[in-house]
Amino acid sequence: MRPHPAAITVFVAVVWVVGVLLATSSLHGTGARDVGVRGNGPEGPSVAELAAGRCAPTITNPGGTNNYVPKAPFADPLGAGFTVTGTVRDEACRPVPGVRIQVWAQTATASEQRNRTSVRTDAQGRYRVDSDPLVAQFGEPNVHVGYDDPGPWRRVFLRNVTRDGDTGAQVDLVLSP
């Protein structure tokens, strides 16, 4: 039995549209940016912003809340081989100590739903989470970082991509009231 000519036309049209969309789309989609150890690094405060005491607030990107769970528990390290670090600041570029930061990511041993933890920033606003190496989910390895504590700051969620073989990511946040 031969396929109907209309079915072939529709199939070819769909393949063409998907090809055009892939060719013209952003590499990382959903507003994500490459923060892996070989990437361009975070879009955190510049030297000029720090010197002026005015830091642009971090804006949630569309993929930031994928698989988000409120108030992820504080946990032991999630593994070894990949480290997520960053500094949390306010709009005056001052470090924000003691806030809860959530990190979740897909690894070979756990899904985003199970591979998550919360940590608190130290006196300098820094945080660190150790995990097993990330694996591609929907085409590329990625790590989610979020702030969701109640209080004076707005919630913020980021989905940041890395590359196969990266051993870490730096994700800085600037919180705004």
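**Aromatic pairs and a disulfide**

Analyst: In this predicted model, the count comes to 2 aromatic pairs.

User: How is a pair of aromatic rings described?

Analyst: By the distance of the centres and the angle of the planes. Here, the rings of tyrosine 68 and tryptophan 104 have centres 6.1 Å apart and planes at 45°, so the pair is tilted. Tyrosine 68 sits in the loop between H2 and E1, whereas tryptophan 104 belongs to strand E2, 36 residues apart.

User: With which residue does tyrosine 68 form an edge-to-face pair?

Analyst: With phenylalanine 157, at 4.5 Å centre to centre and 65° between the planes. Phenylalanine 157 lies in strand E7 (residues 156-161) and tyrosine 68 in the loop between H2 and E1, so this pair ties together parts 89 residues apart in sequence.

User: Is tyrosine 68 buried or exposed?

Analyst: The cut-off for buried is under 20% relative accessible area. Tyrosine 68, at 18%, therefore counts as buried, and phenylalanine 157 does so at 3%. Tryptophan 104 is buried as well.

User: Which cysteines does the disulfide join?

Analyst: The 1 disulfide joins cysteine 55 to cysteine 93, with an S to S distance of 1.8 Å. Cysteine 55 lies in the loop between helix H2 (47-52) and strand E1 (82-90), and cysteine 93 in the loop between E1 and strand E2 (100-105), so the pair ties together parts 38 residues apart in sequence.

User: Why is the disulfide right-handed?

Analyst: Because the torsion about the S-S bond is about 120°. Cysteine 55 counts as buried at 4% relative accessibility, and cysteine 93 at 7%.

Terms used
Residues are numbered from 1 along each chain as its sequence is written. This is a predicted model: local features need pLDDT of at least 70, side-chain atom pairs count only at pLDDT 80 or more; totals for chains, interfaces and linings use all residues. Side-chain values use heavy atoms; hydrogens and water are left out. A disulfide is a pair of cysteine sulfur atoms within 2.5 Å. Helices (H or I, at least four residues) and strands (E, at least two) are DSSP runs, numbered from the N terminus. Buried means under 20% relative accessible area, exposed over 50%, partly exposed in between (1.4 Å probe, protein chains only). Rings of Phe, Tyr and Trp (its six-membered ring) pair if their centres lie within 6.5 Å; planes under 30 degrees apart count as stacked, over 60 as edge-to-face and the rest as tilted.
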